[in-house]
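Thanks for coming. I will go through one model today, starting with the terms and then moving to the residues.

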Amino acid sequence: RYLFRISILIIIMTLTTATASADKYTRAWKKVEEFIEQDLPESAAKVITQIWDMAADDGDGRQMLKSAVYLTQVQQTFSEKGIPDGIELFNTLMPSLKVKEHKALCHAFLAKGYMTYWNQNRYNISRMRPSDEENLPLQHWTAKMICDTICYHLDQSINLAGDVGSGFYEEFFPGGNKAGM
């Protein structure tokens, strides 16, 4: 009887903690959406960074991935380094992701980031000469390095995604601001 009561108490405490955790993320994401709709990307970025920190403390890869996606999107509206910073963020996030579908999405966003970087810097990239140096910064990559990296991440994304159901990734795509962008 005593053991039964303790078990019920532990179950109730666990459910309460899980609900509170989900609620804190829901409230924070509502703030982010409000800032995006009001065209306040820097304010949104601050809240997203707070969500990232909460998720990192909780070990919640899904929330960290969602934060990376949103942060990359909003940073592009006010920072010239939005794409390289986003690539760095996703590369930092990748090792901590445990769910293969989340890794697949992270690879897809990395491929997209590198393609966007290529499109924005095509002229400078085409003028780069190969180097023997290890770990070159992105701005010194050659066209072949960029293309090989894009192909790698697309291939990884396809291999890891497998048979993902419809709507699985919807939460990871930011809504638009009041102009619909």
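A residue is called buried when its relative accessible area is under 20%, exposed when it is over 50%, and partly exposed in between, using a 1.4 Å probe and protein chains only. His-140 is partly exposed on that scale, because its relative accessibility is 38%.

On provenance: this is a predicted model, where local features need pLDDT of at least 70, side-chain atom pairs count only at pLDDT 80 or more, and totals for chains, interfaces and linings use all residues. Residues are numbered from 1 along each chain as its sequence is written, and side-chain values use heavy atoms, with hydrogens and water left out.

Now the overall layout. The protein chain has 6 helices and 0 strands, and its pattern along the sequence is α-α-α-α-α-α. Helices here are DSSP runs of H or I with at least four residues, strands are runs of E with at least two, and both are numbered from the N terminus. Of the 181 residues in the chain, 33% count as buried. A contact means heavy atoms within 4.5 Å. Among contacts with a separation of 6 or more, 62% come from residues 24 or more positions apart.

Next, the core. By nonpolar core I mean a set of buried Ala, Val, Leu, Ile, Met, Phe, Trp, Tyr and Cys residues joined through side-chain atoms within 4.5 Å. The largest one holds 39 residues, and the members touching the most others are Val-32, Leu-65, Phe-90, Leu-93 and Ile-146. At least two core residues come from each of helix 1 (2–37), helix 2 (41–58), helix 3 (61–75), helix 4 (82–93), helix 5 (100–126) and helix 6 (143–161). Helix 5 supplies the largest share, 8 residues. Take Val-32: leaving aside residues up to four places away in sequence, Val-32 touches Ala-44, Val-47, Ile-48, Ile-51 and Tyr-70.

Which helices pack with their axes 9 Å apart? They are helix 3 and helix 4, at an angle of about 170°. Helix 3 is therefore roughly antiparallel to helix 4. Axes are lines fitted to C-alpha atoms, for helices over the stretch in contact, with angles from 0 to 180 degrees between N-to-C directions. Under 35 degrees counts as roughly parallel, over 145 as roughly antiparallel, 65 to 115 as roughly perpendicular, and the rest as oblique. On the helix 3 side, the residues that meet helix 4 include Met-64, Leu-65 and Thr-72. Thr-72 is buried, because its relative accessibility is 10%. Outside the four places either way in sequence, Thr-72 touches Gly-82, Gly-86, Leu-89 and Phe-90.

Back to helix 5. Its 27 residues would span 39 Å in a straight helix at 1.5 Å a residue, but the end C-alpha atoms are only 34 Å apart. The expected span is 1.5 Å times one less than the number of residues. Where is the kink in helix 5 centred? On Gln-120, with a value of about 70°. The bend at a residue is the angle between axes fitted to the seven residues ending there and the seven starting there.

Last, the loops. Asp-39, between helix 1 and helix 2, is not a glycine but has a positive phi of about 60°. Asn-135, in the loop between helix 5 and helix 6, is not a glycine either, and its phi is positive at about 50°. Asn-135 is exposed, because its relative accessible area is 74%. His-140 is in the loop between helix 5 and helix 6; His-140 and Pro-130 are 10 residues apart in sequence, with C-alpha atoms 9.0 Å apart.
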